[in-house]
Amino acid sequence: HAKFVPGATERSPGLKIPLSRLRSKYENFQHQLEGYHLMGCDLEKSDTYKGTLFRFPLRTEETAKISEIKPKVLTVDDVMCLFELFRRVSTQSLLFLRHVTKIGVHIHSESKTHTLYTVQLDN
């Protein structure tokens, strides 16, 4: 908890930083922000991104042991199972999300990104 994000403390473990301010802090947050570039969120060229991105880190045995959030190992298979469970309800979820019209789940591994699934509401 509050170990991997520069400037985070136990009292304030999360940070909300506008994209415009991240550009100058990119060096400090490079590891945390790396995945966002894969989806076209280029902090070097733009202060905006049309969408919301989530990054789901895995937990190895080592990181699970020291985690103050949840000391459970989270493997690739665990995450894939969660994505499949979400896929089953994702279309219904869109009905209750006012400004979300499309959900895409993308996997990045071995320098490649592929789409696991995409769902969207037809207008």
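**A walk through the predicted model**

L58 sits in the loop that links helix 1 (19-38) with helix 2; helices here are DSSP runs of H or I with at least four residues, strands are E runs of at least two, and both are numbered from the N terminus. This is a predicted model, in which local features need pLDDT of at least 70, side-chain atom pairs count only at pLDDT 80 or more, and totals for chains, interfaces and linings use all residues. Residues are numbered from 1 along each chain as its sequence is written, and side-chain values use heavy atoms, leaving out hydrogens and water.

L58 counts as partly exposed because its relative accessibility is 43%, where buried means under 20%, exposed over 50% and partly exposed in between (1.4 Å probe, protein chains only). Back in helix 1 you will find E34, which counts as exposed at 52%. The C-alpha atoms of E34 and R55 are 9.8 Å apart, with 21 residues separating them along the chain.

Moving on, S67 belongs to the loop between helix 2 (61-66) and helix 3 (76-94). S67 is buried, since its relative accessible area is 17%. A polar atom of the S67 side chain lies 3.1 Å from the backbone nitrogen of K70.

Now for the strands. Strand 1 (residues 102-109) and strand 2 (residues 112-120) run antiparallel and are joined by 8 bridges; strands pair if DSSP finds at least two bridges between them. Within this pairing, I107 faces H114 of strand 2. The two strands make a hairpin with 2 residues between them, and E110 in the turn has a positive phi of about 50°.

How values were computed. A polar contact is a pair of N or O atoms within 3.5 Å; within protein, one must be able to donate a hydrogen and the other to accept it, and residues adjacent in sequence count only if both atoms are side-chain atoms.
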